[in-house]
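Q: Could you walk me through this one while I have it open? I'd like to start with a surface detail and then move on to the whole chain.

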Amino acid sequence: MSEIPAKATESEDPSDRARAEAAGHIDVPGGDGVSAADVMAGMSGGDAMTVGDAMWQSSPPGSIYDYIKVASFSIGPDGLVDQWSLRAEQLFGIPTERAVGMDPIEAFVDPELHERGQRKMAEILDGREWTGVVPFKVPETAGGEPGKEGLAEVYVMPTRTEEGERAAVCIVVDVRILRRIETDLAASQSIFGQSPFGFLLIDPDLRVRRANQQIANTFGGSPDDHRGNGVQDYLQSPEAERVTATLRRVLETGNSITDMHVTGFVPGSEERRHWSINLYRVHSGSGRPIGIAWLGTDVTARRAAAREAASARRNLALLNEAGARIGNSLDLETTARELLDVVVPGFCDLATVDLYQGLLAGDETPPGRADGSAELRRVAFASAVSDAPFVGGGAPVAVGAVHHYPFNSPCADALRTARPQYVPAEEGGPVQSTLAVPMVAHDTVVGLAQFARTKGSEPFGDRDRDLAVELAARAAVCIDNARLYRREHERALILQRSLLPPGDPEASGLDIACRYLPGNAATEVGGDWFDVIELPGHRTALVVGDVMGRGLRAAVAMGELRTAVRTLALLDLEPAEVLSALDEIARGLGTPGGVQQATRAARRPREADLAEVYLATCIYAVYDSVTRRCTFANAGHLPPVLVEPGEAALMLDVPPGMPLGVGGEPFEEVEVELPEGALLALYTDGLVESRDHPLDEGLQAFVGALTDPATRNRHTSDDHPHARTALNADTHRDLEDVCDHVLSTLDTHHGEDDIALLMARVQGLPADSVGDWTLPREPRSVGRAREYARAQLKSWDLEPLIDTTELLVSELVTNALRYGEGEIRLRLLLDRTLVCEVWDAGLVQPRRRRARDTDEGGRGLQLVGLLSAAWGSRRTPRGKTVWFELPLPDGENGMVDPAEALLSLF
């Protein structure tokens with residue numbers, strides 16, 4: 001506030017009079033005069049003072065005078081400073097005691113302007129007013145420091161002293177401050193008026209003091225129309241209350257608010273708008289809070305774009321999750337549940353998956369009918385709403401139920417057209433939006449997925465529909481892959497089971513039990529197999545093998561090797577010879593030219609493009625029920641396990657050899673005599689090896705499972721009669737129970753590989769079931785052979801077979817005498833059939849031929865073939881054996897009449 005010198009007197013000029021009245025004495029009509037000093041004293045404290053009917057009030061702190069810094073001083077009749085205000089001290093930097101008595105022209109004006117300044121001073125003292133801009137320079141200080149320079153705008157008003165002499169009052173403003181204020185005002189006006197953002201200046205009463213044109217463009221009217229408005233004039237409750245509370249907090253604390261999101265509506269539009277608001281407290285020059293600045297921008301489009309971007313990111317994340325989680329299993333139902341695990345609740349609140357019943361049943365024809373009304377089975381349901389049934393497609397359908405959709409329903413239309421359809425929501429139900437999306441894989445509809453959102457969620461849009469189609473398509477491809485895998489798995493399993501021995505195998509002198517467990521549906525069928533082959537002379541071949549690999553390839557290779565094993569076994573080759581021949585066959589399986597081409601390729605250097613390699617492990621054992629001796633040959637397979645009565649189980653030391661298909665290495669044989677009642681176990685690696693159990697651990701567990709508990713404790717309980725009885729009883733327990741015990745004890749449910757288990761208990765032929773004679777090489781041996789045979793058959797009560805046996809024995813012994821070498825051996829074996837064997841040292845195998853009508857001989861082997869159930873010959877280490885087999889009288893096969901057989905030869 002400017003300071004008025006107390007000595008100023010009234011001027012003759014009207015303006016001088018007004019200033020004098022304000023400075024000296026004020027006449028108020030109807031009241032006493034009030035001195036200017038009293039008025040100024042009252043105003044200096046910012047208080048109001050009533051004088052008559054007039055109201056006087058000082059400018060409060062923070063007025064314009066705080067910014068422009070107005071100073072004043074007075075000049076006496078002598079042209080010297082006689083009064084110096086405090087503001088003058090601040091402006092010029094000269095204290096009062098120094099300034100009073102100074103000539104202002106000499107002290108502050110440049111020497112070159114002294115003459116001009118003196119003329120102006122004379123004019124002022126003559127009673128003329130003057131206004132102008134004067135450069136000034138402050139005199140040096142007492143310490144010799146140079147004074148500052150500046151530019152001042154001076155307003156000089158003539159006055160009179162009490163004696164009537166002319167004087168003057170000078171009002172001085174620093175021009176630099178004025179120019180800065182002008183610049184700030186212009187910049188402020190430019191920012192406030194031309195800003196693209198909405199600008200409000202809110203007073204401490206939270207009323208709009210000023211608004212810019214952007215606010216007027218948004219909410220209507222002119223900027224002046226918004227003066228006095230409150231927050232509630234722009235926003236609805238409760239948003240207005242929230243913003244009002246925030247404004248009060250900013251006004252009280254001074255803490256700014258940045259990017260505050262406000263939602264509301266504009267006049268004439270029902271579209272919800274979004275604004276980003278910045279609030280900060282505004283202060284006066286003295287630091288007093290005078291209001292709040294509101295800077296807002298419309299972010300509705302930005303929020304919509306952000307929502308679109310967030311939706312796109314969510315969709316991409318959902319698709320990424322679907323790619324990672326759907327299709328991990330090759331099971332149809334599991335894949336459907338994986339789809340629902342992804343979409344609920346991230347995409348929808350409820351969801352179901354229906355698959356065609358024919359698809360689940362494994363039909364070869366494409367699932368579904370053209371009208372979309374084929375039977376479906378609900379395989380999966382998921383809900384993020386507790387106990388909420390799915391009502392988007394009609395009546396609720398339980399998981400596992402078979403149903404169909406009406407022809408005119410949206411679901412049937414989706415299945416028929418392979419396009420997604422919106423399903424109308426039922427009135428009063430919890431669902432407000434439902435999408436029926438066909439599951440299409442390779443142009444084939446395999447089922448229908450329904451996605452629903454409950455009330456309160458955002459309805460499905462076009463982007464959601466496209467996402468649902470993509471999710472359903474990915475799941476459909478995985479389901480179709482699972483279907484194809486299931487079909488291949490079932491075919492391979494059927495093929496493999498068809499190649500295994502049907503029913504319970506039977507063998508002479510052996511009690512047989514077997515088990516085959518395929519891998520689970522998640523793993524392909526392996527190449528495990530076993531076989532029990534009856535050989536001449538009441539011998540039996542036991543075979544267990546495992547083709548490396550999985551799927552149809554392994555199953556087909558297994559079938560070829562099994563057929564080859566049976567063919568080679570009928571040739572009555574030694575076990576090592578059988579495996580050598582199998583090795584050649586296995587090498588030929590992967591070569592287009594067969595075994596010979598594989599042999600030639602083995603001699604050539606390896607090339608980059610190798611033929612497909614088939615490898616397999618196999619163990620081949622031949623058991624003779626007469627001698628109870630078993631000969632083993634092994635091609636890379638696991639060792640057999642033998643359990644002798646009263647002893648712990650042990651693994652037989654059989655040289656493993658190389659797997660079939662490798663070639664180049666011979667196979668060794670091991671002959672073991674098996675005691676009566678011993679248990680022999682052959683198996684594949686799926687029984688003793690898995691990811692959680694290494695091979696060594698599995699073998700030990702298998703041996704432990706085969707060992708009788710009583711046997712493990714026999715060293716501590718041999719003298720106890722009850723323990724010995726339990727041991728004998730357990731030794732003869734049923735083999736089926738032993739197999740079940742082994743499978744239940746070991747980890748056989750891992751499903752990682754097929755499991756084949758073949759167990760045999762030794763039951764050798766009793767001595768009274770064997771007749772064995774040695775005949776000299778002379779003609780009389782034929783008659784003796786008939787006598788021996790007749791006497792043995794009588795002792796066995798087989799009188800119906802005597803004539804046929806005598807005739808056939810006579811033929812075989814006669815051939816041995818005529819074409820064989822060395823002594824002759826005759827052996828009769830009685831088990832499920834009667835077997836007769838004639839041994840000699842000759843190496844020439846008998847060959848059956850058809851005799852002409854005029855031939856007197858050559859019909860012996862034809863007669864043997866007609867009268868016997870089977871006949872043949874095999875090599876032995878010391879020659880050959882010719883044999884024939886006759887069914888027992890009480891057997892299922894009928895006996896051939898010898899007379900009719902003889903007549904049929906002619």
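**Surface charges and overall build**

A: Asp78 in this predicted model is exposed, with a relative accessible area of 55%, and since the limit for exposed is over 50%, that value places Asp78 in the exposed class.

Q: Where is Asp78 found?

A: Asp78 lies in the loop that joins strand 5 (71-75) to strand 6 (81-84).

Q: And which residues gather with Asp78 in a patch on the surface?

A: Asp78 belongs to a surface patch of negative charge, where it gathers with Asp82, Glu162, Glu163 and Glu165.

Q: Switching to Asp363, where is that found?

A: Asp363 sits in the loop between helix 13 (357-361) and strand 16 (376-383), and with a relative accessibility of 42% Asp363 counts as partly exposed.

Q: How far is Asp363 from Arg487, C-alpha to C-alpha?

A: Their C-alpha atoms are separated by 9.1 Å, although Asp363 and Arg487 are 124 residues apart along the chain.

Q: Zooming out, how many helices and strands are there in the chain?

A: The chain contains 27 helices and 35 strands, and of its 906 residues, 46% are buried.

Q: What about contacts between residues 24 or more positions apart?

A: Among the chain's contacts with a separation of 6 or more, residues 24 or more positions apart account for 61%.

Technical notes:
Residues numbered from 1 in each chain as written. Predicted model: local features only at pLDDT ≥ 70, side-chain atom pairs only at ≥ 80, totals over all residues. Heavy atoms only, no water. Patch = residues over 30% accessible without salt bridge, like charges linked within 9 Å, V, L, I, M, F, W, Y side chains within 5 Å. Areas by Shrake-Rupley, 256 points an atom, 1.4 Å probe, with all protein chains shown as cover. Salt bridge = Lys/Arg side-chain N within 4 Å of Asp/Glu carboxyl O. Lys, Arg positive; Asp, Glu negative; His and termini not counted. Charge placed at Lys NZ, Arg CZ, Asp CG, Glu CD. Helix = DSSP H or I, 4+ residues; strand = E, 2+ residues; numbered from the N terminus. Buried < 20%, exposed > 50% of the residue type's maximum accessible area, 1.4 Å probe, protein only. Contact = heavy atoms within 4.5 Å.
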